[in-house]
Amino acid sequence: MTIVIDSREQRPYTFDNRETVVKRLPVGDYSIEGYETQITVERKSLDDFVNTVMNDWKRFDNELHRMRNFSHKAIVVETGIDAVLRGTDEPVSRAHPSAYMAKMFLIQNQFGVSVQFAGSRPAAVWFTEQFLWHAWKELVSENENT
């Protein structure tokens, strides 16, 4: 399993004991080589998530539409939901948490994209690696059974 890191990723994760390659992905920031149109993870800081869903929705809506056909898709946010609700990781936009939480539910319900508030960047790296690995294992198993 080789993790693909999008060439446009500005703060790429490093994965211990995993082979990685950098190249342009059609959607998202991370995938698995050979499964770039089936598996995707989009990484967001809290500020980036809030800015994207509150101020850049039209562009992000297009990206979410492209994700629809992916069998395994997730957005990982590098902060915890408790910090969001307490306001301790206050986003630049100063949007009320209920406003961007409504967008989170829309993303999950309308587009079927899991949104994970990981708690921290290291936890987001761990989540991303685990998500990619489990998605890959599932797809490999499906291919072996066909």
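## The largest pocket

About 310 Å³ of space lies in the largest pocket of this predicted model. On a 1 Å grid over the protein atoms alone, a pocket is an open set of points where a 1.4 Å probe fits, with protein on both sides within 12 Å along at least five of seven lines. Lining residues have an atom within 4 Å of a point. The volume is the space filled by probe spheres set on the points, which are joined across faces, edges and corners.

The lining holds 16 residues, and D6, R8, E9, D29 and E42 are the closest to the pocket centre. Strand β4 (39–44) and helix α2 (57–67) are the elements that give two or more residues to the lining. Helices (H or I, at least four residues) and strands (E, at least two) are DSSP runs, numbered from the N terminus.

## Strand β4

Which strand pairs with β4 in the parallel sense? It is β5 (residues 72–77), over six bridges. Strands pair if DSSP finds at least two bridges between them. T40 stands opposite K73 in β5.

## Two nonpolar cores

A nonpolar core is a set of buried Ala, Val, Leu, Ile, Met, Phe, Trp, Tyr and Cys residues joined through side-chain atoms within 4.5 Å. The largest has 22 residues. F49, L64, I75, Y100, I107, V115 and F117 touch the most other members. Helix α4 gives the largest share, five residues.

A second, separate core has 18 residues, including I5, Y30, I39 and V125.

T128 sits in helix α5 (residues 121–144). T128 is buried, with a relative accessible area of 0%. Its contacts (heavy atoms within 4.5 Å) include Y13, F15, Y30, V41 and V76.

N109 sits in helix α4 (residues 97–111). N109 is exposed (over 50%), with a relative accessible area of 66%.

## About the model

Residues are numbered from 1 along each chain as its sequence is written, and side-chain values use heavy atoms, with hydrogens and water left out. In this predicted model, local features need pLDDT of at least 70 and side-chain atom pairs count only at pLDDT 80 or more, while totals for chains, interfaces and linings use all residues.

Terms used
Buried < 20%, exposed > 50% of the residue type's maximum accessible area, 1.4 Å probe, protein only. Lists of a residue's contacts leave out its neighbours within four places in sequence.
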